[in-house]
Amino acid sequence: MKSPARFAALPDLSGRSRTGQNDRSSYNGVMHLSTLHFGPRRFLHEEEERIRTQVYRHIRVRPVSPSIGAEVEGVDLGRLDDDSFREIRRAHLDFKVLFFRDQDISTAAQLAFAARFGELEEHPFLPANPDAAEVVRFAKDDQVVGVENTWHSDVSWREIPSLGSVLRAVQVPDVGGDTLFSDMVAAYQGLPDEVKKEIENWRAVHDFSHSFGVGMSPDTLAAQREKYPPVEHPVVRTHPETGQKILYVNAIFTSHIVGLPRDESDRWLDFLFRQSHFPEYQCRFQWRPGSVAFWDNRSVQHYASSDYWPKTRVMDRATIIGDRPA
Ligand SMILES: O=C(O)CCC(=O)C(=O)O
Ligand SMILES: [Fe+2]
């Protein structure tokens, strides 16, 4: 059964009846809000102002975009005093992803840093660093290609997904292999009011099968699905620490919206996934050996550009367990 009311809340192809918090010019004669997107995203300014009033005394923080991402200077992640740690924690919530350069740290030090934020997970499907089960190793070369180039939030298919990931560059190409991050608080804010209202209480199913499950034998897939059954999370979650609303569906792991006919769910997800694509909500990190990125999996999605084949790129990730999305 189709629901005309729900379809009506999707951006209208005529562009005639758009209202909402974006500039009218964004809609004037525009075919489709999600692909054509004129004019300023004014709400970013408010977030920028809020973030910029924060004072840091023990670390230096250099924003790389108005709402998402900052380079943190003046710290050695291998020996972090408590004051710097507290400020990094605060900056992580404010900027959503932090970047650190020239961190000559061991795997043990990377794990120790990540573990200050919470318990670490072991990934059941991805290969681990030979020295540490809690470190996922992404080792790419001419034979093993980079496939993390779809917008996603790590392990959203878990009942308790991730708070954040700490990714360290072990070996990177001289150019290429950047990682992009998208602010899903901004993506939520940018939605038309009618869409926000429509999706407010929706839940969506997240499932590893369409990504990690591809290539598994039917028996293995069935056994893994027993262990990690599809889970439901709210489409709009509230950040447990900042209280901000977040658009929490992603193209790798979200399979469908609960209670909608499949074609309707597909249309909605296609529209909602595309909200992460706007450059205004993004920042992009160019890695160097020793660079570290620490992102909040609750409030950002990321995309590893797979533009460097056949070069070698080796990255180590520690993943912090978060809480049940609500
Ligand atoms: O290799 C990267 O830059 C990121 C890969 C990824 O998706 C991750 O570390 O979670
Ligand atoms: Fe990822």
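Analyst: Let us begin with a strand pair: E6 and E16 are joined by eight bridges and run in the antiparallel sense. Strands here are DSSP runs of at least two residues marked E, helices are runs of at least four marked H or I, and both are numbered from the N terminus. This is a predicted model, in which local features need pLDDT of at least 70, side-chain atom pairs count only at pLDDT 80 or more, and totals for chains, interfaces and linings use all residues. Residues are numbered from 1 along each chain as its sequence is written, and chains are lettered from A and ligands numbered from 1 in the order in which they are written.

User: Which residue in E16 does Gln171 stand opposite?

Analyst: Gln171 faces Val314 there.

User: What order do the strands of the open sheet follow?

Analyst: The order is E1-E2-E3-E14-E6-E16-E5-E4, eight strands with mixed pairing. Two strands pair if DSSP finds at least two bridges between them. At the edges are E1 (60–63) and E4 (128–129), each of which pairs on one side only.

User: Which strands does helix H4 touch?

Analyst: Helix H4 (residues 107–115) packs on the sheet and touches E4, E5, E6 and E16. Contact requires C-beta atoms, placed from the backbone, within 7 Å. The direction of H4 makes about 30 degrees with that of E16; such angles run from 0 to 180 degrees between N-to-C directions, with axes fitted to C-alpha atoms, for helices over the stretch in contact.

User: And which residues of H4 are buried?

Analyst: Gln110, Phe113 and Ala114 are buried. They lie on the same side of H4, because they cover an arc of only 95 degrees around the axis. The arc is taken from the directions from the helix axis to the C-beta atoms. A residue is buried if 20 or more other C-beta atoms lie within 10 Å of its own, exposed if 12 or fewer, and partly exposed in between, with C-beta atoms placed from the backbone. The buried residues of H4 pack against E6 and E16.

User: New topic: which strands each supply at least two residues of the shell around ligand 1?

Analyst: They are E6 (162–171), E15 (300–304) and E16 (313–321). Residues around ligand 1 include Phe138, Ser165, His302 and Arg317; a residue counts as near if its C-beta atom, placed from the backbone, lies within 6 Å.

User: Lastly, how many helices and strands does the protein chain have?

Analyst: The chain has eight helices and 16 strands, and 39% of its 326 residues are buried.

Methods
Contact = placed C-beta atoms within 7 Å.
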